[in-house]
Number of protein chains: 2
Amino acid sequence: MNTDSRAYGTPSADAPLEEMQIQRRAPGPGDVHIEITYCGVCHSDIHTARNEWLNSVYPVIPGHEIIGRVVGVGSKVKAFKTGDLVGVGCMVDSCMECDPCTDHLEQFCTHGCTWTYNSPDLHMGGRTYGGYSTHIVVREEFVLKIPENLDEKATAPLLCAGITTWSPLRHWKVGKGDRVGVVGLGGLGHMGIKFARALGAHVVVITRSPEKGRDAEELGAHEVLLSTDPEAMKAFVNSLDFILNTIPVGHEMDPYISLLKIDATMVLVGAVEPLKPFHGGGIIMGRKRIAGSLIGGIRETQEMLDFCGQHNIVSDIELIRMQEINEAYDRVVRSDVKYRFVIDMQSLKE
Amino acid sequence: MNTDSRAYGTPSADAPLEEMQIQRRAPGPGDVHIEITYCGVCHSDIHTARNEWLNSVYPVIPGHEIIGRVVGVGSKVKAFKTGDLVGVGCMVDSCMECDPCTDHLEQFCTHGCTWTYNSPDLHMGGRTYGGYSTHIVVREEFVLKIPENLDEKATAPLLCAGITTWSPLRHWKVGKGDRVGVVGLGGLGHMGIKFARALGAHVVVITRSPEKGRDAEELGAHEVLLSTDPEAMKAFVNSLDFILNTIPVGHEMDPYISLLKIDATMVLVGAVEPLKPFHGGGIIMGRKRIAGSLIGGIRETQEMLDFCGQHNIVSDIELIRMQEINEAYDRVVRSDVKYRFVIDMQSLKE
């Protein structure tokens, strides 16, 4: 086990065992060694840090919205060189041979992809460690190029919140002339608005809150539909070509289903938990569909980043120091952030 | 109001007002006048006869799986002539001008199609009356040609149970090499097995009952998966390209969702009622889809009937006399029929 590449995590200097556990592997021939500059804060980080999904193996180093500069590459790495601005998202490895992998859907790897943190580490044993750290070593195929023209710190959330909303919009071919509903205005929803608008769609944000409605318009929504207004909801029945539903918890779906046109789809990207009952008649009348979507493949993620470079799209963020992470977590849980916290890794050196 | 075409329904001779209410219209220039020979018994008939959907307007004459012979046609009718073997399904009219209608999806007519029974009758006022009757008058565009080579009485259920299962199989392009699950083995499910097999798919019937499993194999299923066997269910995880779910009531969907491959769809055609909660993660992992489907358009219904003629496909039925209808209803409610009752309209003349 090579120890020349050390991660910087939570363990203190008087915890040598834990320090050993968070060693990074030395870069191999196909690896890219990255010095992390920024890392976004995803709600999944909180679920894992707090073991809310009951699968955390401590020590945990969260973070899968990673931005940094290449500080070294293995001998077989072709696409990256020292100094490149790069990103790492939710995955750092997969088998690359199964049907989903060869279809560029590494997130659905038959053997299970290696998540960026808290996932069995095939190289080092133990678990993978994420981006709340100064360095990371990742195989070339899972490293993304970040367009240099973008505001570096604000690109971090593109690696999870960005691709999670981009992938379904692209997969369901949302484009010019489509009427797209976006439900939920958080880290995911605010990216959904930006992408749907940039793809040429007419964007309707559906929210309970007039205040969020105003925010949505500032982000680019063409229309705001207050879900608390029965008359307004009625006027939108059967009117949307697609709904991107980013609500992170189980919720009543019938009101949103009613807004879909015939053959239209509502895609859930947030609610990884039991959903509330909905009425079978709501999808049978109109041959409507409810689907799920999980981040996106690596090729699609690069496509999204290139699109962001061309259209100058980044996330709206609040930059924090690592020392503020616990307060940030509490604020994320309260939905009190517009719209994503990003950690400045310089703060780890303070 | 013309009264020369009388329906024969439930009212007795001493109820002249009710008799008036069930008059059929005289055939107009675009109408086909049909003498009904057989009519299938659909569960919807029972819901309506018993006002279980709370929308019945009495007197009700159910029946939307109608087979008969043309006894007269209007001056402008081109596609039918006296003596033709014809069918009428769940719809007898629609606007024919809206987007769904011009897309051959009359069942989703923007203005609401006219259902074959208990639907506002645009010609006569009051409500439409269905196929438990000796005659019916229907505009040409909603009359289907029945292949003469088929067993006439066993074609009746094709008009509802048939098209309800055919339409999703065709819309989601089920064909050779696909692994298709069929859930629920009743009037709909038994047609689903026949169609999926005839379309070239590998058919897996998913049932709780070993006895139903044996029946399913006799109907053409290649495999039977007992949903009560956890090991067997596990072996089928992520293995099906499509699931046709004909269960008529709300039910646990997670076990079936787990059987879908990436990007695969489960279509509900039976459960027009609140569904039980399912887990968002089940569709998010694998980008899976849940959809609904409602009968099918007229063009698609004719396509299905032609396919049945070519492949000699009919329903498995029990022929009954009209005098046995109440007992038949009770047996349908108990799922005690293989697989559809059909009423012999000769019995109305006894």
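This is a predicted model: local features need pLDDT of at least 70, side-chain atom pairs count only at pLDDT 80 or more; totals for chains, interfaces and linings use all residues.
Residues are numbered from 1 along each chain as its sequence is written, and chains are lettered from A in the order in which they are written.

The contact between the chains (contact meaning heavy atoms within 4.5 Å) takes 35 residues from chain A and 36 residues from chain B. The two chains bury about 2900 Å² between them, 70% of it on carbon and sulfur atoms, where buried area is the accessible area, taken with a 1.4 Å probe, that two parts lose on being put together, summed over both. Of the area that chain A buries against chain B, 24% is supplied by F108(A), I284(A) and R287(A), more than by any other three residues. Across this interface the search finds 11 residue pairs in polar contact, with both residues at pLDDT 80 or more; a polar contact is a pair of N or O atoms within 3.5 Å, in which, within protein, one atom must be able to donate a hydrogen and the other to accept it, and residues adjacent in sequence count only if both atoms are side-chain atoms.

On the side of chain A that touches chain B, the elements giving two or more residues are α5 (161-171), β14 (260-268), α10 (280-284) and β15 (289-292); helices (H or I, at least four residues) and strands (E, at least two) are DSSP runs, numbered from the N terminus. The residues of this side divide into 20 nonpolar, 9 polar and 6 charged, with Ala, Val, Leu, Ile, Met, Phe, Trp, Tyr, Cys and Pro counted as nonpolar, Asp, Glu, Lys and Arg as charged, and the others, Gly among them, as polar.

Helix α5(A) is largely enclosed by the rest of the structure, because 9 of its 11 residues are buried; buried denotes under 20% relative accessible area, exposed over 50%, and partly exposed the range in between (1.4 Å probe, protein chains only). The buried residues of α5(A) include I163(A), W166(A) and L169(A), and their cover includes β10 (179-183), α6 (187-198), β13 (240-245), β14, α11 (298-311) and β17 (340-344) of chain A. Just after α5(A), K173(A) takes a positive phi of about 55°.

Over all chains the structure holds 42 salt bridges. One of them joins E35(B) and K349(B), at 3.1 Å from N to O. Because E35(B) lies in strand β3 (residues 31-40) of chain B and K349(B) in the segment after β17 (340-344) of chain B, the pair ties together parts that are 314 residues apart in sequence. E35(B) is partly exposed at 27% relative accessibility, whereas K349(B) is exposed at 51%. In another salt bridge, the closest N and O atoms of R139(B) and E141(B) are 3.0 Å apart, and these residues are partly exposed, R139(B) at 21% and E141(B) at 36%.

The search finds 0 disulfides over all chains, a disulfide being a pair of cysteine sulfur atoms within 2.5 Å. The sulfur of C109(B), a buried residue at 6% relative accessibility, is 3.7 Å from the closest cysteine sulfur, in C95(B), and therefore too far for a bond. For C39(B), which is buried at 0%, the closest cysteine sulfur, in C42(B), is 9.6 Å away, again too far for a bond.

As to the backbone, the peptide bond from Y58(A) to P59(A) is cis, with omega near 0°, and a cis peptide bond likewise joins Y58(B) and P59(B). P59(B) lies in the loop between α2 (43-49) and β4 (66-73) of chain B, where L54(B) is also found. L54(B), a residue other than glycine, has a positive phi near 60° and is exposed, with a relative accessible area of 73%. N238(B), in the loop between α8 (230-235) and β13 (240-245) of chain B, has a positive phi of about 55° although it is not a glycine, and is partly exposed at 46%.

Key:
Side-chain values use heavy atoms; hydrogens and water are left out. A salt bridge is a side-chain nitrogen of Lys or Arg within 4 Å of a carboxyl oxygen of Asp or Glu.
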